[in-house]
Amino acid sequence: MISSKLTLAAAVAGAMALGACTAPQGNILAQPGDPNQKTKNAALIGAGAGALVGALSKGDGNRADAALVGAVIGGAIGAGVGYSLDKQEAELRQQLNSNVSINNTGDRLIVTLPNNLLFATDSTAVSATLQGDLRALAQNVQTYANSTLQIIGHTDSDGDAAYNQQLSEGRARAVGNILVSEGVPRNRLQTFGRGEAQPVASNLTPDGKAQNRRVEIVILPNAN
């Protein structure tokens, strides 16, 4: 019984590491300058989650073995996901222009497109400036086809909140429509508008507002 409780506690601790690893400061396995940093993070995420699922899915007598098996399998899957994301990130950095930012958290890629290049003021029509990047992105995600794409529109806090919400939804749909027109299956896409609710910088300065006006494309590897 004591052994089972200790294994369960270890599994829970492993799952808690998942949250730490996805944060910028959470690269607890990687050394500075480690080129395999994200892959190691993803392996740890998978191991922690696998251990927790394995431990909770068995009775007290089998929890230790199940947690160990779950950790091994989850770690292997996580490492594979991390390696694939590293490759995809490297290719996207070559294919997209420098105004597009890419954040690899170890379990997903977040591609951020600045609204001032995507749309004219109060418009949901995608400008020609970044259509080439969206075409390149569409080709990339078709190569790495085992993922779901969440397209999320954001605005700054200027103007009416209800209008900003509507505008962010329309802009997310517009980006999604471009990707579909370039061959990405619509059933891989989810579009959301967050309006002014999720700023990444202060809305009290012009620079902060510019950062908050954005569309994020979150690439989430599928479990199978």
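Author: A contact here means heavy atoms within 4.5 Å, and of the contacts in the chain with a separation of 6 or more, 69% are between residues 24 or more positions apart. This is a predicted model, in which local features need pLDDT of at least 70 and side-chain atom pairs count only at pLDDT 80 or more, while totals for chains, interfaces and linings use all residues. Residues are numbered from 1 along each chain as its sequence is written, and side-chain values use heavy atoms, with hydrogens and water left out.

Of its 224 residues, 44% are buried, that is, under 20% relative accessible area with a 1.4 Å probe and protein chains only.

The second largest pocket holds about 250 Å³ of space, a volume being the space filled by probe spheres set on grid points joined across faces, edges and corners. A pocket is an open set of points on a 1 Å grid over the protein atoms alone where a 1.4 Å probe fits, with protein on both sides within 12 Å along at least five of seven lines, and its lining residues have an atom within 4 Å of a point. Here the lining comprises 15 residues, and those nearest the centre are Thr121, Asp122, Asp156, Arg171 and Arg213. Two elements, α4 (115-118) and α6 (161-181), each give two or more residues to this lining, with the largest share, 4 residues, coming from α6.

Elsewhere in the chain, Thr112 sits in strand β2, which spans residues 109-114. Thr112 counts as buried because its relative accessibility is 17%, and beyond four places in sequence it touches Asn99, Val100, Ser101, Arg214, Val215 and Glu216.

As for confidence, the chain averages a pLDDT (the predictor's confidence in each residue, from 0 to 100) of 79, and 64% of the residues score at least 70. Over residues 5-12 pLDDT stays under 50, and the model has 11 contacts beyond four places in sequence for them; residues 71-78 are also below 50, with 12 contacts beyond near neighbours in sequence. Where pLDDT is low, the predicted coordinates should not be read in detail.

Definitions and conventions
Buried < 20%, exposed > 50% of the residue type's maximum accessible area, 1.4 Å probe, protein only.
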